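Let's take a friendly walk through this structure together. Have your viewer open as you read.

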Amino acid sequence: PSTIYLKDYQAPDYWIDTTHLTFDLHEDHTLVTAVLQMRLNEAVNCGEALPALTLHGEDLDLVSLHRDGEELENDRYQLVKGSLTLPVEQPRFQLQIVTRIRPQENTSLEGLYKSNGMFCTQCEAEGFRKITYYLDRPDVMSVFTTKVIASQARYPVLLANGNAIDRGELDNDRHYVTWEDPFKKPSYLFALVAGDLEYVEDHFTTMNGREVTLRLFTESHNIHKCDHAMISLKKSMKWDEDVYGREYDLDIFMIVAVDHFNMGAMENKGLNIFNSSCVLASPETATDATYQKIEAIVAHEYFHNWSGNRVTCRDWFQLSLKEGFTVFRDAEFSADMNSRGVKRIQDASVLRTAQFAEDAGPMAHPIRPESFIEISNFYTLTVYEKGCEVVRMIHTLLGADKFRKGTDLYFDRHDGEAATCEDFVKAMEDASGVDLTQFRNWYSQSGTPVVTVTDRYEAETGDYHLTIAQSCPATPGQEHKKPFHIPLGLALLDEQGQLLPLNAEGDKEQVLSIKQSEETFVFKGCKSKPLPSLLRNFSAPVRVRYDYSKDDLVFLMKHDTDSFNRWDACQRLGVMAIEQLVERFDEQAEQAVDSQLLDAFGVLIADPKLEHAVKAEMLCLPTEASLAEQAEVIKPLAIVAARKKVKQAIAETHSAALLALYNQLSHERDYCPEAADIAERTLKNVCLGYLAALDDAESLQRMAAQYNGASNMTDRRAALGCIVDARHRDEHLVEQVLTDFYDRYKDDANVMDGWFAVQSGSAELGTVEKVQALMQHDSFDPTSPNKLRSLIGGFTGNMARFHTTGGAGYEFLADRVIELDKQNPQVASRVMMPLTRWKKFEPVASGLMKKALQRIKAVHDLSTDVYEVVNKSL
Ligand code: B3K
Ligand code: ZN
C-alpha cells in the first residue's frame with residue numbers, strides 16, 4: 001500500500017458538471033448507469049494534448065462504457081485495480097458507464113450495501129468508487145440526479161438526495177422515484193436508501209419563511225422512538241439560524257435510521273443516514289446519555305449542511321476543516337441546550353483521556369495530517385475533538401463577535417467550493433484583524449503541548465510573578481516543535497478564595513496569549529501569595545504542570561468559580577491519592593487512603609449549593625483510562641486495585657451521607673430528558689455506584705429494588721451495572737437480572753448492545769471465556785458493528801480483564817482483528833487500537849501486546865486500514 005501526501009495535492013484534470021445515476025436494484029445484483037458531463041479543467045491543462053482520464057473504481061464489474069455515444073471496447077481503456085483510464089478527444093464530453101455491483105455481498109458497509117433487508121449507502125470518504133467509476137475526490141463537485149428503480153412490494157420507499165421530481169410504476173411490480181439535488185456536491189455526500197420503511201413527519205419554517213418538510217424514517221417497529229430526534233432537529237435548525245445565520249436550503253430534510261453502520265451518522269445532502277443507536281430513543285429503552293448523544297449527533301449532521309456540504313473540503317487532509325468546526329458547533333449547541341459547565345467538563349475529559357493518548361501514541365498526527373495510507377484511519381479524536389479545540393481557541397482569541405464575522409466571511413467566500421483549513425484561518429484573520437500566523441502551528445504540529453507554570457511572590461512589593469514555559473514532546477516524524485500560540489485562561493485567588501483584580505481595569509479573569517517558549521507575567525498589588533487558577537474552562541488542549549499541594553487543590557475545589565477547574569482540582573486530588581497506592585502496590589493492603597481526599601469528598605457530598613450536575617462529575621474518581629493516560633508506565637492491575645480501594649474508602653467513610661443523598665434524589669416522576677432531571681438521575685446513580693462498593697447486603701437490596709422498580713432505562717442500566725460489579729456480590733441475583741434484562745429487551749437490538757457491553761466490560765464477569773461465549777449467543781450479530789463494538793470494545797476497555805496475565809485477552813483480540821479484516825476493515829482497524837499503546841505498558845504486558853500485533857502483521861493481504869495501523873505501531 002502506498003502513502004499519499006498533502007504536498008502532492010494537484011487539482012483534477014477534469015470536472016464533472018452533472019451526474020445522472022440510475023440504480024436498478026435487484027435481489028442478487030444492482031445495475032448502475034452513470035451519465036457524466038465532463039469538462040477539462042483549463043486552469044490545470046492549457047497544453048495541446050488532452051490528458052487521459054483516470055476514474056476511481058473498486059469491486060465493480062464494468063458492463064459497458066460509452067464516450068459521446070460511442071462504445072469503447074476493452075482495448076480502448078485500461079482497467080487496473082482501483083481505476084479505469086480512458087483517452088479523451090474533446091475538452092467537453094459525455095461518458096456513460098454501466099457497472100454491476102453486489103450490495104448483498106458488501107460486508108464492508110462502504111458504498112451500497114444492505115442492512116436488515118434495506119439498501120443504504122455510506123460514501124465518505126472513498127465509498128462512492130464502490131458504486132461506479134468516478135472522480136471520487138471531494139474537490140470534484142457535481143449536480144446529481146438519481147433515479148432509483150426497485151420492487152414496489154419489497155422497497156416501497158425509494159430515497160436519494162434533494163427533492164423528488166418524478167415517480168411512477170413499471171412492469172413486473174417495479175416502481176421508480178427520481179431525485180434531483182440542485183446543489184453541487186462531491187460524491188462522498190451522495191446517498192440512496194430503498195426499503196420498507198415508515199416515517200414521522202414534521203415541518204420547520206425557516207427565518208425567511210420557507211417551509212421545510214422533515215421526515216424521519218425507520219423500520220415500523222421503531223416508529224415510536226423518533227420524537228426526540230425530531231425535536232433535536234428542529235432545535236438545531238433554529239439554533240443555526242440564531243447563532244450562525246445559516247438557513248436550510250432544500251424543501252425536505254430526511255433522516256434514515258439503519259442498524260448496520262460503521263460509525264454514528266452521515267451528513268449526506270438532504271438525506272442523513274444514521275446508526276439507529278444515534279437516533280432512536282424511548283424512556284424505556286434509552287439512557288440519558290443516549291438522549292444527549294442523539295441531540296448532539298442530530299445537530300452535528302444538520303450543521304454539516306453548511307460546514308461540510310455548502311462549503312466542503314478540497315482534499316481529505318482538510319478533514320478537520322469540516323469536522324473540527326462542526327464538532328465545535330455541536331458542542332456549543334449542546335452547551336446552550338443543557339448545562340454549559342458539565343458539557344465542558346465531559347468534553348475536556350474525553351480529550352484528555354483519549355485524544356492525549358492518541359497524541360502520545362504511534363498514530364499521532366496533526367489535526368491536518370501530512371500523509372496517510374488509508375483515510376478511514378484518520379477519522380480520529382485528533383481531527384474531530386482536538387480540531388474542535390483549535391476552533392474554540394480561535395473563538396477565544398477573537399471573541400464571539402469577531403468569530404461570527406469570521407464565519408460569515410468564510411461561508412460567503414467559499415459557498416459552493418471545496419476549501420482548505422488555510423481558507424478558514426484566513427477568513428478569521430481577515431474578518432477580525434487578529435494575526436493568526438503563529439496560531440497555524442496547531443494545524444501542522446502533532447503532540448500535546450506541556451505548559452509548565454512556576455511562580456514567585458515578593459512580599460515587599462506585592463508583585464506576583466507567573467512564569468509560563470511551553471514544550472511539546474516529539475511525535476512520529478516531528479522531532480522538534482515550534483512554540484504554539486496558547487490562550488491560557490487565568491484567575492488568581494486570595495486567601496479568602498476571592499478572585500483578585502488582574503489589571504488596572506479590574507478584570508478578575510483573563511486569557512493570556514502565550515507565544516514564547518517561556519514568558520513571565522507580573523501581577524501587582526497582591527497582599528499575600530495568590531493561588532493561580534490555570535487553563536480556566538480548559539482554554540487550550542494542553543497539559544498544565546503546576547506544583548499544587550493537596551491543600552491548594554482542596555481550596556480550589558471549594559472556591560474556584562470555574563466549573564472546569566473545580567472539577568479538575570478534584571481529579572488531580574484523586575489522581576494523587578490513587579497514584580500513591582499504585583506506586584506501592586505490593587504493600588497496598590497496609591496503605592491508608594489519603595485522608596485529605598476523604599475529607600474533601602465529605603464536604604463535596606454535603607455541599608448544598610453546588611449544582612447537581614457538577615457535583616456528579618466531581619464525585620466521579622478519575623477513570624482507569626485517564627489514570628493510565630497520566631501514568632509514566634501503565635500497571636493495569638495496580639490501577640484497577642488502587643482505584644477500587646479509594647472508591648471503597650470513600651463509600652465507607654461517607655456511607656450515611658451518600659445514602660441520604662441517594663434517598664433524597666430517588667423520587668417517582670415522569671421521565672423527561674431535560675438537563676435538571678438528567679442531573680438528578682446522574683447524581684443519584686453516582687451515589688448508587690458508591691453504595692455498591694459497600695460490603696453489605698442492604699445496598700445489594702437497594703440496587704435490586706432500583707433495577708426492578710425502574711421506570712426508565714437510565715435507572716435500570718445503572719442498577720444493572722452496579723449489581724454485576726457489586727462488592728457484596730450475589731451470583732444468583734446477577735444471573736437473575738441479566739436474564740430479566742434479556743427477556744425484556746431481546747427484540748431491541750440497540751438495548752441488547754448494552755447487555756453485551758455490561759458483561760464484557762465487567763471486572764467480575766468479563767473474562768475471555770465469557771466474551772467468547774457471548775459471541776456465540778443467538779442475539780449476537782457478528783455483521784453488526786454496534787454489536788462488535790459493544791462486545792469487543794467493552795472487553796478491551798475492561799482494564800481488569802483485558803490485561804490479565806498470560807495475554808489471552810490480546811490473543812483473542814488479534815484473532816478477532818484478523819477475522820474481521822476480511823469482513824469489515826474499518827471496524828477491524830478500530831477495535832485493534834488498544835494494542836497500539838503497547839509501549840506504555842509494564843514489560844510483561846507490553847511484550848505480549850507486541851506479540852499479538854506481530855501476529856496480525858504477519859497476515860497476508862491485510863486491508864490498507866489494518867496494514868497502516870499495525871505497521872505504524874510496531
Ligand atoms: N462525516 C461522517 C464520518 C464519515 C466516516 C467515514 N469513515 C460523520 C460525521 O462526522 O458527521
Ligand atoms: Zn462530522
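Two strands count as paired if DSSP finds at least two bridges between them. Helices (H or I, at least four residues) and strands (E, at least two) are DSSP runs, numbered from the N terminus. This is a predicted model, where local features need pLDDT of at least 70 and side-chain atom pairs count only at pLDDT 80 or more, while totals for chains, interfaces and linings use all residues. Residues are numbered from 1 along each chain as its sequence is written, and chains are lettered from A and ligands numbered from 1 in the order in which they are written.

Strand 4 and strand 8 (residues 83-86) run antiparallel and are joined by four bridges. Within this pairing, Leu 53 sits opposite Leu 86 of strand 8. The open sheet they belong to has three strands in the order 4-8-7, paired antiparallel. Strand 4 (53-56) and strand 7 (78-80) are its edges, each pairing on one side only.

Now turn to ligand 1. Among the residues around it (C-beta atom, placed from the backbone, within 6 Å) are Glu 267, His 300, Glu 301, His 304 and Glu 323. Strand 20 (265-266) and helix 2 (288-303) each supply at least two residues of this shell. Why does ligand 1 lie between two domains? Domain 1 (4-303) and domain 2 (314-444), with bounds from an automatic or database domain assignment, both give residues to its shell.

Finally, look at residues 551-874: the chain there is 70% helix and 0% strand, with the end C-alpha atoms 43 Å apart.
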